[in-house]
Amino acid sequence: MFFTRGPFMEIIDTHAHLEDLENLDASIHRAEEAGVIAVITMGTDYESNRWVLEESSKHQTSKLRIYPAIGVHPWGLDASKLDVNVQFIEENVSKAIALGEIGLDYWYREARKSEEAKELQRMLFRKMLRIAEKTKKPVSIHSRGAWADCVDMTIEANIKKAVFHWFTGPLDVLEKIFDNGYYVSATPAVAYSKHLRTVIEHTPLEHLLLETDSPVLYQGTPSEPVHVLKALSGVAELKNEKLETIAEKTTENAKHFFSI
Ligand SMILES: [Zn+2]
């Protein structure tokens, strides 16, 4: 059977968690068939960072490259384990193309309950930003419910390249993101999420990346890198632009941002 397809577009999924995919090789195959040329896979803790650095590249192909980012996600932090995590990142950061996933989440259950949990997140985030600043690595930031603090801390840390992934915060904070030359990224939720749609409507193409955050569920369905096409079509529809225009610009942005 033959499928007709439009002009071939090259797309980059700039934020995924590939170690959590059920059948990674099949997903990679589907993504490369659809024109995904690269995926940046995020580390979230010690185990995940090891997988990202040591295993992820075994799944790449000649058409789809997998690039590692390492970090500590703000969910479920265990103060007693942080030193090991941070030390691993300091020792291995040169093997990663970015720091991520890092950030703050004030809506996470522990952070809702205690100021101490928020302070622990901030302490860790500051350390991660310091490593990024020292090594000049770009950062991929989780900022749910902590939008202003995330952006302010990133500016204070003198970070040059930051993407606020799946950003759904207020427009005044978004303005600050652009004023500092930072980026936001659109997920497949751009098709239906009111908050994300508002953000993307206000985002100039010069500051936009695409991603899936795979294997996150969108309306009950688990995602994989090929779904970056849904983010692409959602953005194109919202901005009333051709798919090719959005693909070309966001891919150029991603290559520049991650120096790939
Ligand atoms: Zn993520």
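## Strand pairing and the sheet

Two strands are counted as a pair if DSSP finds at least two bridges between them. In this predicted model, strand 6, covering residues 162–165, is joined to strand 7, covering residues 183–186, by three bridges. The two strands run parallel. Within this pairing, V163 is placed opposite Y183 of strand 7.

## The zinc site

Which residues supply the protein donors of the zinc ion? They are H15 and H17, each through NE2, together with E101 through OE and D213 through OD. These donors lie 2.1 to 2.3 Å from the zinc ion. The angles among the four donor atoms range from 85 to 173°, and the site is classed as irregular.

Along the sequence, the donor residues follow the spacing H-x1-H-x83-E-x111-D. E101 belongs to strand 4 (residues 98–103), whereas D213 is in the loop between strand 8 and strand 9 (217–218); the pair therefore ties together parts that are 112 residues apart in sequence. Are E101 and D213 buried or exposed? Both residues are buried.

## Aromatic pairs

The count of aromatic pairs in the model comes to eight. One of them is formed by Y46 and F88, an edge-to-face pair with 5.1 Å from centre to centre and 75° between the planes. Y46 lies in helix 2 (residues 46–54) and F88 in helix 3 (residues 82–92), so this pair ties together parts that are 42 residues apart in sequence. Y46 has a relative accessible area of 28% and is therefore partly exposed. F88, at 9% relative accessibility, counts as buried, because the cut-off for burial is under 20%.

The rings of W166 and Y218 have their centres 5.4 Å apart; because their planes meet at 35°, this pair is tilted. W166 is situated in the loop between strand 6 and helix 7 (171–179), while Y218 is in strand 9, so the pair ties together parts that are 52 residues apart in sequence. W166 counts as partly exposed, at 23% relative accessibility, whereas Y218 counts as buried, at 9%.

## Other aromatic contacts

A single aromatic cluster is formed by F164, F167 and Y182. Elsewhere, a lysine is placed against an aromatic ring: K118 lies over the face of Y106, at 5.0 Å from the ring centre.

## The position of H202

Where is H202 found? This residue is in the loop between helix 8 (194–201) and strand 8. With a relative accessible area of 43%, H202 is partly exposed. H202 and W107 are 95 residues apart along the chain, and a separation of 24 Å lies between their C-alpha atoms.

How values were computed. Residues numbered from 1 in each chain as written. Predicted model: local features only at pLDDT ≥ 70, side-chain atom pairs only at ≥ 80, totals over all residues. Heavy atoms only, no water. Helix = DSSP H or I, 4+ residues; strand = E, 2+ residues; numbered from the N terminus. Donors = N, O, S within 2.8 Å, 3.2 Å for Na, K, Ca; no water. Tetrahedral: all angles 85-135°; square planar, octahedral: opposite > 155°, others 65-115°. Buried < 20%, exposed > 50% of the residue type's maximum accessible area, 1.4 Å probe, protein only. Phe/Tyr/Trp six-rings, centres within 6.5 Å; stacked < 30°, edge-to-face > 60°. Lys NZ or Arg CZ within 6 Å of the ring centre and 35° of its normal.
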